[in-house]
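Me: I want to learn to read a model feature by feature. Can we work through one together?

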Amino acid sequence: MRKYILLTIVIIIMNCYFAEAYSKELIINPTSKIFYVDDDFTDDPTNHKWDSIQEGINDADNGDTVYVYSGTYLENLTVNKTINIFGQDKNSTNIVSGDRIWILADYVNISGFKITIGDQGINLFSNYSQIFDVWISSY
């Protein structure tokens, strides 16, 4: 009986260790800003609202978040800042890229999209970046 109790304790400790080691943690700076993108918007630089994802990326600074509303966005992307890019819903927030998505900065988080990508695919030239909760296909 002691063997089973000891084995159970060891398994619980190992689960706690691995859960901590592999958990996804998104760190958002409390002074960071959120930039909004909607394919139905008219560009509004004063209020940081854009009709394309790349314009939201260009407006953001390191540590900021670009929030993308549901819609279809036909564009190539270059992410050269440490930012979060979140789609409203991976079933209805679509990125259709003509040829590529480049991630050049470290610690970039991309989530909540359906991505259809062309010839060059998604190129990660970075460290510690995460792409999760997305559907990716090619054409």
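Me: Is D133 buried or exposed, or partly exposed?
Reply: Start with the cut-offs: buried means under 20% relative accessible area, exposed over 50%, and partly exposed in between, using a 1.4 Å probe and protein chains only. D133 has a relative accessible area of 43%, so D133 is partly exposed. Two cautions on the source. This is a predicted model, where local features need pLDDT of at least 70, side-chain atom pairs count only at pLDDT 80 or more, and totals for chains, interfaces and linings use all residues. Residues are numbered from 1 along each chain as its sequence is written, and side-chain values use heavy atoms, with hydrogens and water left out.

Me: Which side chain does D133 meet in a salt bridge?
Reply: A salt bridge is a side-chain nitrogen of Lys or Arg within 4 Å of a carboxyl oxygen of Asp or Glu. Here the partner of D133 is K90, at 3.0 Å from N to O. The pair links distant parts of the chain, 43 residues apart. K90 sits in the loop between β6 (84–87) and β7 (93–96). D133 sits in the loop between β12 (130–132) and β13 (135–138). K90 is partly exposed, because its relative accessibility is 24%. The count by this rule is 1 salt bridge.

Me: How many helices and strands does the chain have?
Reply: Helices (H or I, at least four residues) and strands (E, at least two) are DSSP runs, numbered from the N terminus. The chain has 2 helices and 13 strands.

Me: Which strand does β7 join, and how do the two run?
Reply: Strands of a sheet pair through backbone hydrogen bonds, either parallel or antiparallel. The working rule: two strands pair if DSSP finds at least two bridges between them. β7 is joined by 3 bridges to β10 (residues 114–117), and the two run parallel.

Me: In what order do the strands of the open sheet come?
Reply: The order is β5-β8-β11, with parallel pairing across 3 strands. β5 and β11 (121–124) are the edge strands, each pairing on one side only. From one strand to the next, the twist averages 10 degrees. For such angles, axes are lines fitted to C-alpha atoms, for helices over the stretch in contact, and angles run from 0 to 180 degrees between N-to-C directions. Between β5 and β8 there are 3 bridges, in the parallel sense. V79 is opposite I103 of β8.

Me: How many residues does the largest nonpolar core have?
Reply: A nonpolar core is a set of buried Ala, Val, Leu, Ile, Met, Phe, Trp, Tyr and Cys residues joined through side-chain atoms within 4.5 Å. The largest has 22 residues, and those with the most contacts inside it are I53, V66, V68, I85 and F113. Elements giving two or more residues to this core are β1 (34–37), α2 (53–59), β3 (65–68), β5 (77–79), β8 (100–103) and β10. Of the chain's 139 residues, 34% count as buried.

Me: Which residues does V66 touch?
Reply: Contact means heavy atoms within 4.5 Å. Not counting residues up to four places away in sequence, V66 touches F35, V37, G56, I57, A60, I83, N84, I85 and F86.

Me: Where does Q54 lie, and what is it in contact with?
Reply: Q54 lies in helix α2. Q54 is buried, because its relative accessible area is 18%. Leaving aside neighbours within four places in sequence, Q54 is in contact with E75, N76, L77 and T78.

Me: How many aromatic pairs are there?
Reply: A pair of aromatic rings is described by the distance of the centres and the angle of the planes. Rings of Phe, Tyr and Trp (its six-membered ring) pair if their centres lie within 6.5 Å; planes under 30 degrees apart count as stacked, over 60 as edge-to-face and the rest as tilted. The count is 6 aromatic pairs. Y36 and Y67 have ring centres 6.3 Å apart and planes at 65 degrees, so this pair is edge-to-face. Y36 is in strand β1 and Y67 in strand β3, 31 residues apart.

Me: How do the rings of Y36 and Y69 pair?
Reply: Their centres are 6.1 Å apart and their planes at 25 degrees, so the pair is stacked. Y69 lies in the loop between β3 and β4 (71–74), 33 residues from Y36. Ring pairs link Y36, F41, Y67 and Y69 into a cluster.
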